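This briefing concerns a ligand site and a sheet. Please consult the sequence and the model while reading.

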Amino acid sequence: MKILVTGGTGFIGSHTVVELQQKGYEVVIIDNLSTSVKEVLYSIEKITGILPEFHEFDLCNEYLTAKFFDNNKDIKGVIHFAAHKAVGESVEKPLKYYRNNLFSLINIMQCMNEHQIKNLVFSSSCTVYGQATELPVTEKTSIQKAFSPYGHTKQISEEIIECSVKSSGIKATLLRYFNPIGAHETALIGELPIGVPNNLVPFITQTAIGKRENLNVFGNDYNTPDGTCIRDYIHVVDLAKAHIIAFERMFNNLSKSDCEIFNIGTGKGYTVLEAIRSFEKVSGKKLNFKFAKRRQGDIEKVWADTTYANNELGWKAEKDIDDMMLSAWKWEVELSNKVKIRHKA
Ligand code: UD1
């Protein structure tokens, strides 16, 4: 069965492609490589033995998107990752986020409609809850005003999907991820930020390896036990597996409605300082960090109630924060070895 994975060379996308291929699915990837590199395809091939079919173009381009679907009539489902995702950048460049994240979704859904492709898994985020008034958040927790344009694009995307399934034959599953981190156990794929990382864990590992001088911890005056923000970190491989389970539930008509929503996290919240301590423990490295002012667009704390995903999907996160940090560290070490080999050659 052929599945389209948009953003398939990205962080979560690439791990999901591996899981799909290992379960026997045929994968076709669309990615414009704006925040990823083509080499990821060869790393996927090293892990699974299969080089995924790849098309490089921007899904905001209506013509190219339509042409792709015209030429690929055997696609049975779409897992849509392709989107910009940096909270801070979205505050500085909101239009970039609205344009990219919304146009691509609209183009894809339009084509799915025209070609009667019925199954969509959408990459949503806990960011849709804004600063939730009750913790942990369940799928029924009310949606607050988004804290960033990035968060707002995810809220609008969910609404676009919810409205569209009512008037089309498309079924959708919205996965609200908490904070995906870590890397594949082979250390062949992982998070690969281009330039200075926005997210915490690549910044931690790059600091520990010596690529960055020190980590800025954004804010130590939040209303949390140690003053730093709390997040629910989830291993990217656990998250990737949730996509396949969600897809199969939908494809096999087991969904309870045409648009289902699941929180995908571990259910445990960690402060930034706790995350750093876990990294230091598993890597044996002392991290150079200092406190800096709060980052615009950050919420104070969020973690998931995952009961619904656990019960309905039969999915549960298996890896803990130490596993996540260790795999992220192994990936960073592997990357730096590759650079050393390149310099020597
Ligand atoms: C947000 C979303 C998450 C999404 C991600 C995509 C929320 C709650 N979560 O994650 O679902 O997948 O965007 O990018 O909206 N930090 C530092 N120093 C740094 C970098 C980060 O202290 O150099 C802190 C942040 O202030 C935050 C935590 O680390 O408290 C995690 O930040 P980050 O990894 O950027 O993810 P979020 O913005 O929480």
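The points below treat the ligand surroundings and then the sheet.

The model is predicted: local features need pLDDT of at least 70, side-chain atom pairs count only at pLDDT 80 or more, and totals for chains, interfaces and linings use all residues. Residues are numbered from 1 along each chain as its sequence is written, and side-chain values use heavy atoms, with hydrogens and water left out.

**Ligand surroundings**
- The ligand is surrounded by 26 residues (a heavy atom within 4 Å), and the closest are Lys85, Ser125, Asn216, Arg231 and Asp298.
- By class, the shell around the ligand holds 16 nonpolar, six polar and four charged residues (Ala, Val, Leu, Ile, Met, Phe, Trp, Tyr, Cys and Pro count as nonpolar, Asp, Glu, Lys and Arg as charged, and the others, Gly among them, as polar).
- Because domain 1 (2–183 + 234–264) and domain 2 (200–229 + 268–303 + 318–344) both give residues to the shell, the ligand lies between them; the bounds come from an automatic or database domain assignment.

**Polar contacts** (N or O atoms within 3.5 Å)
- A polar side-chain atom of Asp298 is 2.6 Å from a ligand oxygen atom.
- For Asn199, a polar side-chain atom lies 3.0 Å from an oxygen atom of the ligand.
- Phe218 places a polar backbone atom 2.9 Å from an oxygen atom of the ligand.

**Sheet**
- Seven strands (DSSP runs of at least two residues) form an open, parallel sheet in the order E3-E2-E1-E4-E5-E6-E11; pairing requires at least two DSSP bridges.
- Strands E3 (53–55) and E11 (259–264) stand at the edges with a single partner strand each, so one side of each lacks a neighbour in the sheet.
- Strands E4 (residues 75–80) and E5 (residues 119–125) run parallel and are joined by four bridges.

Notes. Polar contact = N/O pair within 3.5 Å; in protein donor to acceptor, adjacent residues only side chain to side chain.
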